[in-house]
Amino acid sequence: MFEKVLVANRGEIAVRVMRACEELGVATVAVYSEADKQGGHVRFADEAYNIGPARAADSYLDHEAVIEAAQKAGADAIHPGYGFLAENAEFARKVEATDGITWVGPTGNSMEQLGEKTQARSLMAAADVPIVPGTTDPVTNPEEVTEFGDEYGYPVAIKAEGGGGGRGMKVVHEESEAADQLESAKREGEAYFDNDSVYLERYLENPRHIEVQVLADEHGNVRHLGERDCSLQRRHQKVIEEGPSPALTDELREQIGEAARRGVAESDYVNAGTVEFLVEEDPERDPDELLGPEANFYFLEVNTRIQVEHTVTEELTDIDIVKWQLRVAAGEEITFSQADVELEGHAMEFRINAEDATDDFAPAQGGQLETYDTPGGIGVRLDDALRQGDDLVTEYDSMIAKLIVHGGDRAECIARSKRALREYELEGIVTIRPFHLAMLEDEEFVGGTHTTKYLDEQVDRSVFAEFQERYGTGTGTGGGDEETVTREFTVEVNGKRFEVDLEETSVPQQTSRPGPTGGPSSGGGDSGDGGETREAPSVSAEGEVVTAEMQGTVIDINVTEGDEVAAGDVLLVLEAMKMENDIVAEFGGTVTEVAVEEDQSVNQGDALVVLD
Ligand code: MV4
């Protein structure tokens with residue numbers, strides 16, 4: 001087993017990995033950016049190294065900075081967590097090539113073999129894993145798309161070979177859209193994955209997202225640890241994950257789990273991974289009639305990392321997946337058989353994101369955890385890196401904690417989840433805790449009949465405001481009379497950190513944070529691109545201002561002043577999170593001002609177009 005592990009990540013997953021290390025008697029090293037100097041993962045580690053400025057590309061994504069910190073600390077392994085460098089084959093290879101340091105994860109070659117969608121599809125097909133009817137070779141011209149559509153029917157999905165997650169997919173609903181959508185898919189693939197190869201699949205209209213946790217060692221042992229149902233997603237972001245799936249019969253469950261195990265065994269994959277499937281839901285299905293062995297399920301993709309929602313599987317199986325990652329990376333053999341893997345009860349994970357569900361889940365722009373009272377009791381787990389008084393770090397992704405609840409069955413899990421979420425007090429930062437309480441009363445979700453489209457297209461959002469009213473907390477601003485405060489200072493000497501307390505009399509600092517136009521632009525976990533900050537575009541015309549929902553770059557403007565637009569018309573296209581995002585008119589009107597130019601970087605909240 002390793003002596004000392006550097007965790008190349010931040011927040012809750014860094015603490016999660018450090019907890020596994022500590023239980024194995026392994027020392028821990030944190031790395032942190034300027035934005036995370038007060039981070040919980042830094043407090044938790046035995047030692048910590050500053051690896052750069054807030055911008056992820058200059059810190060958490062900086063290959064050399066991370067490896068140098070590991071060498072400086074004398075670490076003999078690096079665990080990447082998820083996001084950032086976790087699925088970066090080039091970085092994995094650099095670590096593999098660094099003497100004395102072991103990479104905790106699949107090899108760079110495995111990442112590439114399974115990360116390239118057409119290769120992964122061919123490999124799964126060879127292992128008799130059902131793949132969505134489609135092409136395994138790239139397509140290049142619209143005729144191939146229309147011929148496919150004629151044979152398999154519309155809609156047709158065009159997918160970027162290098163894509164994954166919510167990225168790189170266009171849907172062709174009819175023949176006339178084939179050429180434009182093919183061009184757009186190739187352009188997006190080239191721009192974000194440096195690979196314009198695209199392939200086709202029959203588009204499934206009502207899929208569930210079912211994923212299977214797998215664990216493989218260097219001795220040929222491959223185990224699957226059951227499935228997770230991640231169908232409740234918003235714009236490809238999971239919000240609640242659960243296991244076992246409320247929609248599957250045991251027979252179908254076993255078929256899918258075994259298919260995942262078989263597929264991974266077909267490759268030389270080692271360490272933890274997840275095989276994603278689409279399961280065709282029957283939109284008319286009664287909640288009590290589960291999907292049986294006749295239901296269609298298809299391979300979607302492999303995630304070559306530990307996932308946010310690995311905790312659901314841990315609570316169901318009582319297997320510590322992160323510890324097994326470390327043991328497998330150290331060359332140890334898996335000691336349990338497939339028959340030993342048993343799922344007990346039901347578990348759900350609630351992602352606690354600092355977002356406002358009543359404002360289209362807009363990320364919080366700042367705040368301070370004035371109150372942080374955490375839930376407890378039987379079956380309640382909280383994975384976080386927070387303590388009362390923490391300032392919200394807004395430079396990275398908005399998830400600040402995960403609440404994981406386990407019960408004897410799904411009904412008890414739901415009841416316990418409501419109790420835990422009500423107990424959980426986070427004041428000073430807006431979060432989606434009220435949204436979670438709303439979903440636990442939602443008929444589709446409680447019935448377990450929701451598909452991946454439910455949140456984006458079907459749910460009644462007015463409910464979110466009601467629950468936010470009842471359970472929400474303001475963002476708070478602190479403030480008050482003069483007072484004597486003890487301020488903790490932390491100094492780092494050669495990677496060792498010392499807490500120094502100083503008393504001073506002051507007026508409490510307002511935790512103001514630069515707005516969308518100020519401060520370091522938000523570089524996401526693995527989006528990495530922070531871009532340049534500029535003055536926000538200003539508008540003078542009358543009318544409703546259409547603003548940017550996220551930081552990004554304007555790549556296409558479809559309107560000019562004076563244009564008449566209808567609801568749903570695409571006003572412009574924003575490149576963000578490695579995707580082309582159509583910014584559409586929510587209502588008809590006249591364009592009275594276009595406040596941006598093509599190739600301009602914008603921050604979340606910046607004005608784009610004014611509609612009268
Ligand atoms: C699909 C699909 C329907 N049919 N492929 C979304 C991003 C990428 N992971 C693949 N995705 C999908 N691929 C076919 N042939 C629907 C989706 C999809 C989706 C899949 C899983 C979880 C959430 C999703 C949200 C929208 C679309």
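This report describes the domains, sheets, helix packing, salt bridges and backbone features of a predicted model.

## Basis of the model

Because the model is predicted, local features need pLDDT of at least 70 and side-chain atom pairs count only at pLDDT 80 or more, while totals for chains, interfaces and linings use all residues. Residues are numbered from 1 along each chain as its sequence is written, and side-chain values use heavy atoms, with hydrogens and water left out.

## Domains

The protein is divided into domain 1 (1-104 + 489-527), domain 2 (107-129 + 207-344), domain 3 (133-202), domain 4 (351-476) and domain 5 (544-611). These bounds come from an automatic or database domain assignment. Between the C-alpha centres of domain 3 and domain 5 the separation is 25 Å.

## The parallel sheet

Helices (H or I, at least four residues) and strands (E, at least two) are DSSP runs numbered from the N terminus, and two strands pair if DSSP finds at least two bridges between them. An open sheet with parallel pairing contains five strands, ordered β3-β2-β1-β4-β5. Its edge strands, β3 (47-52) and β5 (102-103), each pair on one side only.

Four bridges link strand β1 (residues 4-7) to strand β2 (residues 27-33) in the parallel sense; V7 has A30 of β2 as its bridge partner. Helix α3 (residues 63-73) lies across β1, β2, β3 and β4 (77-79), and runs at about 150° to β3. Here, contact means heavy atoms within 4.5 Å; axes are lines fitted to C-alpha atoms, for helices over the stretch in contact, and angles run from 0 to 180 degrees between N-to-C directions.

## The antiparallel sheet

A further open sheet has eight strands with antiparallel pairing, in the order β13-β12-β9-β10-β11-β14-β19-β18. At its edges stand β13 (297-303) and β18 (380-384); each has a single partner strand, so one side of each is left without a neighbour in the sheet. From one strand to the next, the twist averages 25°.

Strand β12 (residues 271-280) pairs with β13 in the antiparallel sense over six bridges, and V279 has F297 of β13 as its bridge partner. Helix α9 (residues 250-266) packs on this sheet and touches β9 (207-216), β10 (222-234), β12 and β13, its direction making about 115° with that of β10.

## Packing of α5 and α6

Helix α5 (residues 108-115) packs against helix α6 (residues 117-126) at an angle of about 85°, with the axes 5 Å apart. The two helices are therefore roughly perpendicular (angles under 35 degrees count as roughly parallel, over 145 as roughly antiparallel, 65 to 115 as roughly perpendicular and the rest as oblique).

On α5 the contact is made by E112, Q113, L114 and G115, and on α6 by K117, Q119, A120 and L123. By class, this contact has three nonpolar, three polar and two charged residues. Ala, Val, Leu, Ile, Met, Phe, Trp, Tyr, Cys and Pro count as nonpolar, Asp, Glu, Lys and Arg as charged, and the others, Gly among them, as polar.

## Salt bridges

A salt bridge is a side-chain nitrogen of Lys or Arg within 4 Å of a carboxyl oxygen of Asp or Glu; by this rule the count comes to 41. R202 lies in strand β8 (residues 198-202) and E280 in strand β12, so the pair ties together parts that are 78 residues apart in sequence.

## Backbone features

Most residues other than glycine have a negative phi, and most peptide bonds are trans. The peptide bond from Y154 to P155 is cis, with omega near 0°, and P155 lies in the loop between α7 (142-152) and β6 (156-164). G243 and P244 are also joined by a cis peptide bond, with omega about -15°; P244 is in the loop between β11 (237-243) and α9.

F84, a residue other than glycine, has a positive phi near 40°. This residue, F84, lies in the loop between β4 and α4 (89-96).
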